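Here are some notes for a colleague who is meeting this structure for the first time. Please keep the sequence and the model open while reading the points below.

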Amino acid sequence: MRTLRTRILFVVVGCALLASFISGFISLHNSMKVTDQDAYQRLTDICSSYGQDVDNILSRIEVSVNTLADMTKNTIRDVDKFKSSDAYVNECTDKLKEIALSCGNNTEGALTYYVRYNPDFTKATSGIFASRDNDESEFKMLTPTDFSSYDKDDLEHVGWYYIPVNNGKPTWMDPYLNANINVYMISYVVPIFIDDVSVGIVGMDIDFGKLQEMSDSAKSFTTGYGFLLNSQNQIMTHPELELGTNLKEKCADLEAFVTAGKGGQTLSYQYNGTDKVASFVALKNGMKLVETAPNREVRAASSQLIVLMLAAVLIAGIVALGAGLIFSTNIIRPIRYLTEIITDTADLNFRKNPRSAKLVKMKNEIGDMARAVQKMRAKLREMVGLIDKAGLNMEGSVKDLNSNMNVINDICSNNSATTEELAAAMEEAASATDTVTHAIGTINENAKNIEELSKQGAENSLEVKKRADSLMETTIEASNRTGTIYDEVKEKTLVAKKQADAVERINELTQNIMEISTQTNLLALNASIEAARAGEAGKGFAVVASEIGLLASQTQETVGDIDGIIVQVNSAVNNLVECLDNTMDFLENTVLKDYEEFKGVGENYSGDASAYEQGMTEINDAIRTLVSAISDISFSIEEINTTVNESATGVSDIANKTSEMAQKIAFTESFMEGSKESTDNLNHIVKEFRLQ
């Protein structure tokens, strides 16, 4: 089991280490990021710096050649004459020789300079060509290359002339090996155009060794180096690879990075199993200067930061361990002292501890606990004193109470014997009164049952009378309503018969209409005959007569339909009158007579109910008198029985209470013995506490 000190130490050291690790990791991450960026930027700056130095040399060469080209243009002013006169060509050549020599001598690394004319209108060997072995030697004038010996497409031998002319602008040629002097050179050539006519070229061959020396001096970090590539990404200078080697064959990632033109940036790649970082810069002549170094050297500062962080974490752990030991000791020491005091309290040792005063004065949680323990011990001392005092008082009280209980016990024994004899006599008297009371109770109960039955009979008679009265009233009301209905039906029947007479009147009217329509038809026929006699003058009247005849015919048809309907109406009215006559006969001869009989039965039923009610009332009055007398006798017997029972109960209660008192006295004696035992136990417990 780990002690509290170990846990505190573990927490302090763990928190310190965790805080150190987190802060160190964050600082390391940021520092490594900044350091790596600085290292990559340093590599880029080194590459850019050396590239600028190379460009400075190339710029000086460009200035020299451009100056010679300008002087050539100023010398050759008359293009037509230059095309046609060899003497003029020679004159211009003589003027340019001193200028060309001066430019060659003032150009660092220049091994040759030349001014060549267009072979299309000058001699095949016309122009200026001078060469020297190195910077220390003098230029020697040589016979220019004979253009007539080579075809224009032979770029290997005369490409230095035709390529810039075809480009129409100053051109840097790729490095090549001069077999005559066994030296690699690069050429800068400027084509000469006067009035859009190609007059020739001006150029210089530069010792490539100068650029190679600068490339070799481009060191970075410990083993980093620089190398040059031509425009086709072929190796021109390299400490390990041969000249002319294609970079893609050796490192495709680096070749793609260079081809993408990401100058001023860095690339992490692998070469021969080694992690490396590279940067490059494009030069004026189309070449590239690549600077590369092992990744471990570039990130050496980051590795040193990791070591420093680990050392810092280790130191922080050691410091945290020492601080934790001191801190945990200062915390645990007062806790141990307080534990000793609590252990003494658990052992019932209340003697004063010499360290208690110092602990109580502490202004922290331990001081709070010490003050609480001190307060608890003071209260326990006080409680023990009170228990001791209460035990002494209880012991004296128990003795006095025990003496009084003995006297009371004797008195209760005498009272118990006397009350038992009296209780037996009272029980015999109570038994006799119980028998009488039981008989009277039976009589009283039967009388009450009879009284209840008589009450129910009286109530039933009242109910019968009510129903008889209700039946008679209902019968009278129904008889009256039937009479009223009979009168109404009789009156409506008379009206219906009169309305049936109106139907007969309709028959008469239809007969009149039929006669009128017959006469109208005859008049129409006569009118048609008269119209026929009148000829053309009566045609209009004949049409009217025809229409009137047609109308009379339709009227006869309609009256015929009405006659058919009237026959049906007459039949229905006759049936209705017959039905009403039957209804009147039924109401008069049957219903009204039945209601008269119901009315007589209701009156008889009501009289019988009244006689029944009177008889039940007389029986009920007699039963009430009997019940009252029995109740008086029963009440007297109950009073006697109650008195005897109360006396017996009182005597029994006295006997029971006396016995109960005796039992409680005995129990009190037992309790006194237990109290004495408890007092002895309290005294024993008090003796266990060490207060002094």
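Predicted model: local features only at pLDDT ≥ 70, side-chain atom pairs only at ≥ 80, totals over all residues.

1. As to its place in the chain, Thr125 belongs to the loop that lies between strand E1, residues 110–117, and strand E2, residues 127–131. Once its neighbours within four places in sequence are set aside, Thr125 is in contact with Arg116, Pro144, Thr145 and Asp146. For Asp146, which is 21 residues away from Thr125 along the chain, the separation of the two C-alpha atoms is 4.9 Å.

2. Strand E1 deserves a point of its own. Eight of the eight residues of E1 are buried, so this strand is largely enclosed by the rest of the structure. E1 pairs with strand E6, residues 197–207, in the antiparallel sense over seven bridges, and E1 is also joined to E2 by five bridges, again with the two strands running antiparallel.

3. Arg116, already named as a contact of Thr125, can be followed into both pairings: Arg116 stands opposite Ile201 in E6, while its bridge partner in E2 is Gly127.

4. A last point concerns the cysteines. Cys47 is buried, with a relative accessible area of 0%, and Cys251 likewise counts as buried, at 6% relative accessibility. A search of the whole structure finds zero disulfides.

How values were computed
Residues numbered from 1 in each chain as written. Heavy atoms only, no water. Disulfide = S-S within 2.5 Å. Buried < 20%, exposed > 50% of the residue type's maximum accessible area, 1.4 Å probe, protein only. Helix = DSSP H or I, 4+ residues; strand = E, 2+ residues; numbered from the N terminus. Contact = heavy atoms within 4.5 Å. Pairing = 2+ DSSP bridges.
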